[in-house]
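Please read the following briefing alongside the sequence and the structure.

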Amino acid sequence: MRFLFFILFLFSLSSKAQVAQHCGYDFTSYFVLNVHEAGKKENIPGLKITIINGLGLDLLNINNLYSWTSAGKPLTFMANYKVDDKGNRITSDSKVSKERWFFPFAKDNYLLSVKNTFPGDDFSLKVEDVDGEENGGHFKTQIVKLNSFNMYVLCSSKAREVQFGPKMNRPIDIVLEKK
């Protein structure tokens with residue numbers, strides 16, 4: 001009889017251990033930015049967007065403290081891009097029948113991957129027009145305060161928690177002005 005209880009005890013422990021499900025985005029969040037000109041909906045291409053500290057300096061990802069990628073480099077946003085059915089990046093000369101956004105939740109926006117524990121309230125964004133006329137005009141550099149509630153928390157227990165504040169999961173809207 002003791003042996004039967006022991007087996008049932010082990011079975012109950014193993015079934016509880018299998019409940020936790022993980023996905024490729026566990027422990028990862030994203031900041032998504034919609035950067036456009038007043039009165040227009042299209043994102044402005046060719047911008048340099050970085051996270052800065054209180055002194056206005058680029059925030060470095062030392063020892064992957066803030067993000068799982070780009071160790072030792074500044075936290076810089078990238079433009080989302082389209083891929084084919086096989087997951088290969090589509091270039092301007094690619095001919096494909098089906099295409100999709102690599103990060104479907106971000107669509108045609110800028111994005112940056114950070115850890116779920118990223119202290120967004122402590123930092124700001126710096127949006128710079130580094131290519132001038134190539135993107136339609138010279139835009140003024142803009143500093144935008146970040147908030148932790150602006151992060152897209154993907155498929156983790158944090159995404160299911162009840163949180164206080166305006167949890168949005170939508171892009172941060174940034175309107176740039178021409179110089």
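Of the 179 residues of the protein chain, 35% count as buried, where buried means under 20% relative accessible area, exposed over 50%, and partly exposed in between (1.4 Å probe, protein chains only). This is a predicted model, in which local features need pLDDT of at least 70, side-chain atom pairs count only at pLDDT 80 or more, and totals for chains, interfaces and linings use all residues. Residues are numbered from 1 along each chain as its sequence is written, and side-chain values use heavy atoms, with hydrogens and water left out.

**Overall architecture**

- The protein chain contains 2 helices and 10 strands; helices (H or I, at least four residues) and strands (E, at least two) are DSSP runs, numbered from the N terminus.
- Read from the N terminus, the order of elements is α-β-β-β-β-β-β-β-β-β-α-β.
- Among contacts (heavy atoms within 4.5 Å) between residues at least 6 apart in sequence, 65% join residues at least 24 apart.
- The accessible surface of the protein chain is about 11,700 Å², and 57% of this belongs to carbon and sulfur atoms; the areas come from the Shrake-Rupley method with a 1.4 Å probe, and for residues only the protein chains shown count as cover.

**Confidence of the model**

- The mean pLDDT of the protein chain is 80, and 77% of its residues reach 70 or more; pLDDT is the predictor's confidence in each residue, from 0 to 100.
- Where pLDDT is low, the predicted coordinates should not be read in detail.

- Most residues other than glycine have a negative phi.
- N63, although not a glycine, has a positive phi of about 55°.
- N63 lies in the loop between β2 (47-52) and β3 (78-79), and N63 is exposed, with a relative accessible area of 73%.
- N64 likewise has a positive phi, near 55°.
- N64 is in the loop between β2 and β3 and is partly exposed, with a relative accessible area of 22%.

**A buried asparagine**

- N80 is located in the loop between β3 and β4 (82-83).
- Is N80 buried or exposed? N80 is buried, because its relative accessible area is 6%.
- Not counting residues up to four places away in sequence, N80 touches W101, F102, F103, A106, K107, N109 and L111.
- The side chain of N80 reaches the backbone oxygen of K107 at 2.7 Å.

Definitions and conventions. Polar contact = N/O pair within 3.5 Å; in protein donor to acceptor, adjacent residues only side chain to side chain.
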